[in-house]
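Please look at the sequence and the structure first, then read on.

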Protein chains: 2
Amino acid sequence: MLHTRACSENAFMIVEALKWIGGTDGCLELVDQRQLPAEFVTLQCRDVQSLFDAIKTLAVRGAPAIGVAGAYGLVLALQKLGPNDSVEEALESLTEARTYLASSRPTAVNLFWALDRACKRANAQHGTTLQSLRETVLAEANAIYLEDIEMCRRIGQHGQQFIKEGAGILTHCNAGALATAGQGTALSVMFEAHKKGKRFKVYADETRPLLQGARLTAWELQQAGIDVTVICDNMAAYLMKQGKINAVITGADRIAANGDTANKIGTYGLSILAREHGVPFYIAAPSSTFDLNIKTGAEIPIEQRAAEEVIRFAGTQTAPSGVTVYNPAFDVTEARDIAAIITEQGVIENPNTERIARRLPPNPV
Amino acid sequence: MLHTRACSENAFMIVEALKWIGGTDGCLELVDQRQLPAEFVTLQCRDVQSLFDAIKTLAVRGAPAIGVAGAYGLVLALQKLGPNDSVEEALESLTEARTYLASSRPTAVNLFWALDRACKRANAQHGTTLQSLRETVLAEANAIYLEDIEMCRRIGQHGQQFIKEGAGILTHCNAGALATAGQGTALSVMFEAHKKGKRFKVYADETRPLLQGARLTAWELQQAGIDVTVICDNMAAYLMKQGKINAVITGADRIAANGDTANKIGTYGLSILAREHGVPFYIAAPSSTFDLNIKTGAEIPIEQRAAEEVIRFAGTQTAPSGVTVYNPAFDVTEARDIAAIITEQGVIENPNTERIARRLPPNPV
């Protein structure tokens with residue numbers, strides 16, 4: 001059973017978003033984030049299809065978390081093979097599962113990164129037994145999981161310097177423990193600042209249409225004892241005007257080689273409002289979020305989601321029947337408006353192609 | 001019974017938001033806007049208290065509409081007086097009702113303007129009979145109502161030049177027929193452009209927390225046969241980036257002498273995003289929305305509304321229990337970011353104190 005775990009160095013609790021239960025014949029347990037904060041319910045994914053559905057419907061979400069979940073999905077794919085199937089057939093199953101899982105969501109790159117990494121490792125084991133292949137893929141998924149936990153902690157430690165005593169911090173969507181295997185990315189920065197005893201105030205954009213900020217970020221911060229205020233997305237500019245925001249910190253779903261960053265829809269607008277009001281804008285994300293194969297954010301595909309997410313809430317219709325809806329899930333913030341990208345490998349200030357290349361190896365996989 | 005009325009010069013229907021039924025012993029009928037678009041329900045206000053509640057809970061809303069409603073509220077106040085009450089007592093009742101109704105919502109100035117106008121007219125009738133006083137106040141309320149209808153039409157006619165063939169227009173909240181006695185302010189501009197046969201596309205910000213854009217604006221435009229797409233508030237910047245928005249047109253709740261304009265929360269942010277993307281930003285509002293007694297927007301009081309509006313929807317909780325919420329209903333857009341204010345008296349381009357004073361008499365009341 002997933003639970004909140006005590007933050008090792010401090011008294012507050014941080015939720016576990018997902019965890020593999022058992023060995024190569026085990027399953028992936030997830031917090032069903034669609035039910036939060038009203039209910040804390042877990043899901044057990046025992047095959048690739050149910051994991052695909054969980055990712056697609058946002059039961060599990062957040063770029064790093066769906067990367068970890070995807071890697072475990074490859075372990076699930078190998079469970080379907082019988083004792084008479086060959087290693088070659090197993091590798092084909094892996095390729096198929098990788099393609100299928102990669103089609104669940106198009107924007108975040110961590111999913112592709114994790115799937116590729118686990119598949120590469122499996123292919124390197126060519127010629128061994130099926131059981132050995134299963135163990136290899138599980139070991140790689142576990143490695144990705146554990147690295148994610150460590151990566152989150154490091155992002156927080158590198159980033160906490162940007163939260164000053166008494167500051168007002170704005171965040172958008174959820175880049176917390178629920179978005180990762182560990183303690184989050186943007187929220188990890190806040191957790192680490194909180195551990196250091198800094199007092200600060202977080203404003204959480206509710207983040208329409210699916211309210212990840214109100215439902216998930218506010219819940220995580222509240223559990224950690226951090227002062228949090230929920231606002232509607234359209235209130236951020238007015239808060240900045242009043243001088244209540246000293247920094248904006250968000251996560252990321254994909255970062256191009258030049259630092260352009262795809263994140264939850266609304267982030268781009270916030271970056272412009274932050275510049276207008278002289279507020280520094282930070283991205284907190286692991287190096288697996290970088291896609292160095294693309295030069296700029298213009299190449300990042302933007303997922304379009306269903307109209308229903310916008311015009312129906314809790315069974316109630318919020319717009320006239322038959323109305324047209326535009327529902328992009330992400331937008332791209334320009335590198336020039338990002339004060340720094342906080343990664344587990346350190347902080348990249350005023351990110352551009354050169355500074356990013358210097359900090360990160362050309363092929364992080 | 002209120003209904004949609006045929007737009008005189010064209011085939012499409014425009015809703016009536018409110019209407020006085022009967023003579024001095026009549027009542028004010030309102031469309032209950034809290035129920036739209038799911039249900040078209042009307043309310044009959046037969047006393048000052050029920051009208052106050054209707055304004056406070058946004059059954060009737062929109063700066064011009066609550067001005068008209070407030071004036072009729074004074075007619076309701078006079079109905080409570082018996083045959084033995086004096087004209088002096090009646091005038092005291094009016095003053096009391098005016099103060100009470102004015103306390104329902106603090107930001108929009110049209111309410112105070114209409115209450116003051118009807119009270120002034122009543123006081124000028126000092127010395128007549130009670131019934132004559134009632135008739136005077138009703139006549140003044142009717143005059144405000146009829147002027148509002150004409151004012152809406154003129155705003156549309158003055159403003160339609162700003163909608164070019166094939167344009168994409170963004171609007172925020174609802175400044176339509178539902179916000180006025182007539183065919184609206186910002187939406188009147190669209191209705192008049194539509195009448196001229198122009199084809200254009202409107203993006204309606206859903207407008208959190210109460211979704212007036214998704215519920216009301218989309219419904220009105222759909223009824224009129226205008227191409228409308230609902231977006232979440234946080235998507236506007238991304239639309240502008242893609243070049244899909246050629247103009248932003250909104251209504252206003254109060255305009256200071258220098259042109260600074262209070263409107264629904266989120267408008268200020270849009271004005272900055274519009275400037276960033278080279279998109280002209282227009283305000284459409286009657287001259288009764290100007291408060292020439294205040295120099296700048298800094299003096300406009302901003303209504304704070306209940307947390308429940310943000311964190312509960314259709315009975316479903318959308319944020320953790322006990323979380324802090326910030327819920328300002330309005331913000332102030334700076335005059336320098338407004339390309340023009342479209343009034344019934346004409347267009348004030350690049351508004352500032354001098355240009356506004358030249359166009360509008362110093363005391364519009």
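Buried area is the accessible area, found with a 1.4 Å probe, that two parts lose on being put together, summed over both. This is a predicted model, in which local features need pLDDT of at least 70 and side-chain atom pairs count only at pLDDT 80 or more, while totals for chains, interfaces and linings use all residues. Residues are numbered from 1 along each chain as its sequence is written, chains are lettered from A and ligands numbered from 1 in the order in which they are written, and side-chain values use heavy atoms, with hydrogens and water left out.

**The two domains of chain A**

Chain A is divided into domain 1 (5–153) and domain 2 (159–359); such bounds come from an automatic or database domain assignment. Taken over C-alpha atoms, the centres of domain 1 of chain A and domain 2 of chain A are 24 Å apart. Between domain 1 of chain A and domain 2 of chain A, about 3200 Å² is buried, and carbon and sulfur atoms give 61% of this area. Phe12(A), Arg61(A) and Thr107(A) supply 19% of the area that domain 1 of chain A buries against domain 2 of chain A, more than any other three residues.

Contact means heavy atoms within 4.5 Å. By this rule, 38 residues of domain 1 of chain A are in contact with 42 residues of domain 2 of chain A. A salt bridge is a side-chain nitrogen of Lys or Arg within 4 Å of a carboxyl oxygen of Asp or Glu. How many salt bridges does the rule find across the interface of domain 1 of chain A and domain 2 of chain A? The rule finds one. A polar contact is a pair of N or O atoms within 3.5 Å; within protein, one must be able to donate a hydrogen and the other to accept it, and residues adjacent in sequence count only if both atoms are side-chain atoms. Across the interface of domain 1 of chain A and domain 2 of chain A, 17 residue pairs are in polar contact, with both residues at pLDDT 80 or more.

Helices (H or I, at least four residues) and strands (E, at least two) are DSSP runs, numbered from the N terminus. On the side of domain 1 of chain A that touches domain 2 of chain A, β2 (13–15), α2 (63–79), α4 (110–124) and α5 (130–159) of chain A each supply at least two residues. The largest share of that side, six residues, comes from α5(A).

**Chain A against chain B**

The area buried between chain A and chain B is about 4400 Å², with 64% from carbon and sulfur atoms. Here 56 residues of chain A are in contact with 56 residues of chain B. Asn234(A), Tyr238(A) and Tyr326(A) supply 17% of the area that chain A buries against chain B, more than any other three residues.

Across the interface of chain A and chain B the rule finds eight salt bridges, and 25 residue pairs are in polar contact, both at pLDDT 80 or more. Over all chains, the structure holds 44 salt bridges.

| Salt bridge | N to O distance |
|---|---|
| Arg105(A) and Glu303(A) | 3.0 Å |
| Lys241(A) and Glu334(B) | 3.2 Å |
| Arg275(A) and Asp337(A) | 2.8 Å |

**Strands**

Two strands pair if DSSP finds at least two bridges between them. β16(A) pairs with strand β8 (residues 227–231) of chain B in the parallel sense over two bridges, and the bridge partner of Thr324(A) in β8(B) is Thr229(B).

Within chain A, β10 (residues 254–256) and β11 (residues 261–264) pair in the antiparallel sense over two bridges, with Ile255(A) opposite Thr261(A). The hairpin of β10(A) and β11(A) has four residues between the strands, and in this hairpin Gly259(A) takes a positive phi near 100°. β11(A) and β17(A) also pair in the antiparallel sense, over four bridges, and Ala262(A) has Val332(A) as its bridge partner in β17(A).

In chain B, four strands form an open sheet of mixed pairing in the order β13-β10-β11-β17. β13 (290–291) and β17 (330–333) of chain B stand at the edges, each with a single partner strand, so one side of each is left without a neighbour in the sheet.
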